[in-house]
Amino acid sequence: MSDQTKDGFTTRAVHAARGFAGSTGAVMPPVFLTSTFASSNADGFDYTRSGNPNFRLLQQSAAALEGAGFATCFASGVSAITAVVSTLRSRDLVLAEENVYGCTYRLFDKVFAKFGVRVAYLDLSQPANWEEIRRQRPTLVWLESPTNPLLKIVDIAGITAVAREVGATVLVDNTFASPYLQRPIELGATLSLSSTTKYVNGHSDCLGGIVATNDAGWQDKMIFAQKALGLQPSPFDAWLTARGQRTLALRMERHCANALELARWLETRRGVRLVRYPFLPSHPQHDLARRQMSGGSGIVIAELDCSAEDALRFCRRLRLFTLAESLGGVESLICHPPTMTHASVPPEVRRRVGIGDGLLRFSVGIEDMADLIADIDAALREVVR
Ligand SMILES: *Cc1c(COP(=O)(O)O)cnc(C)c1O
């Protein structure tokens, strides 16, 4: 374990979460289904809301994969977001990327606004807008990259340098990339947050969230939030997430290869108005994506030349892509943002930010690519005349 930092990513993923075998020799950890612990135990556990061996194992391996000193696990991505925002005070300002995840927006708007936390939204993919960080001096800069659903790329190292000048903390929601493809802490961010529900667990069988950091003060605040706000996962979900994490590298390689192939193929099809994928040369921030990420991840956006009804008809016609929210599992999913994740956004705003009626978000799984393409081809032929 002492040489762990020299090991490669996949070696760390397999070996970082070990060390609770006791005298049994078990190669894999048990699930510690206990709410409480005998007082004065050598490991210092007392009550599962404030710590459990399964949390500790997951946190060790998550920190190792993020290239961070610490990580704290939570019940969901939204719990992790709640933990970070709960550290703010009334009148504190958050400068957030305007294309943030919908539930992040809802938490700011419907919950934390009541406690006086102020949030201003900006297009952080435009360096010209970074001047606002110098001018407004926020407590926290909140960004996502790639963003949902449009896959805009935000320059993490560039923003971090500007934020440091005014003492602002940078948080990156790293859910879409996963620590295999992008490590915000190494790029200078103070906090890297993931909904482990998506790629990190990768099997669509539990929810979870992680906040990783090198800053001991922030780590204390996260551990405090975990127990004080009751944001901890169940030991079983922590165990599942630690198991999923061991194969993250292999799954991401396949997600990236499949998604790039699908994106290239879609670009050649009639009736497809626009295709967006970070590792396609046609992506407006392709160079930045290549600098900041080691692969384009598994999400592809395409806009069909059709009505919202026909786009939904296309989704329902697919055999291998389930029409569902969420993403990042081994199985392929499809989402129609205008009627699903972004249905609450007014139509004129949707159009202005680029969410057209025919927009589709493919979460490309690890299946055989020939089967996925045949499935999409058949559905496209029906919808596009
Ligand atoms: C899903 C998601 C979240 C929320 O995570 P949950 O585990 O569903 O609570 C946060 N950010 C992004 C980018 C997501 O995709």
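These legends describe close-up views of a predicted model with its ligand.

**View 1. Residues around the ligand.** The shell holds Ser 76, Gly 77, Val 78, Tyr 101, Glu 144, Asp 173, Thr 175, Phe 176, Ser 195, Thr 197, Lys 198 and Gly 208. By class, 3 of these residues are nonpolar, 6 are polar and 3 are charged. The ligand takes up the space of the largest pocket.

View 2. Ser 195 contributes through its side chain, with a polar atom 2.8 Å from an oxygen atom of the ligand.

View 3. Asp 173 places a side-chain N or O atom 2.7 Å from a nitrogen atom of the ligand. How much of the ligand does the protein bury? Taken alone, the ligand exposes 380 Å², and the protein buries 92% of that.

**View 4. A salt bridge between Glu 97 and Lys 152.** The two side chains meet at 2.7 Å, N to O. This pair links distant parts of the chain, 55 residues apart. Glu 97 belongs to strand β2 (residues 93-97). Lys 152 sits in the loop between β4 (140-144) and α6 (156-165). Side chains of opposite charge can pair when their charged atoms come close. A search of the whole structure finds 15 salt bridges, and the bridge between Glu 97 and Lys 152 is the one shown here.

Methods:
Residues are numbered from 1 along each chain as its sequence is written. This is a predicted model: local features need pLDDT of at least 70, side-chain atom pairs count only at pLDDT 80 or more; totals for chains, interfaces and linings use all residues. Side-chain values use heavy atoms; hydrogens and water are left out. A residue is near a molecule or strand if one of its heavy atoms lies within 4 Å of it. A polar contact is a pair of N or O atoms within 3.5 Å; within protein, one must be able to donate a hydrogen and the other to accept it, and residues adjacent in sequence count only if both atoms are side-chain atoms. Accessible areas come from the Shrake-Rupley method with a 1.4 Å probe; for residues, only the protein chains shown count as cover. On a 1 Å grid over the protein atoms alone, a cavity is a set of points where a 1.4 Å probe fits but cannot get out, and a pocket is an open set with protein on both sides within 12 Å along at least five of seven lines; lining residues have an atom within 4 Å of a point. A molecule sits in a cavity or pocket if more than half of its atoms lie within 2 Å of its grid points. Ala, Val, Leu, Ile, Met, Phe, Trp, Tyr, Cys and Pro count as nonpolar, Asp, Glu, Lys and Arg as charged, and the others, Gly among them, as polar. A salt bridge is a side-chain nitrogen of Lys or Arg within 4 Å of a carboxyl oxygen of Asp or Glu. Helices (H or I, at least four residues) and strands (E, at least two) are DSSP runs, numbered from the N terminus.
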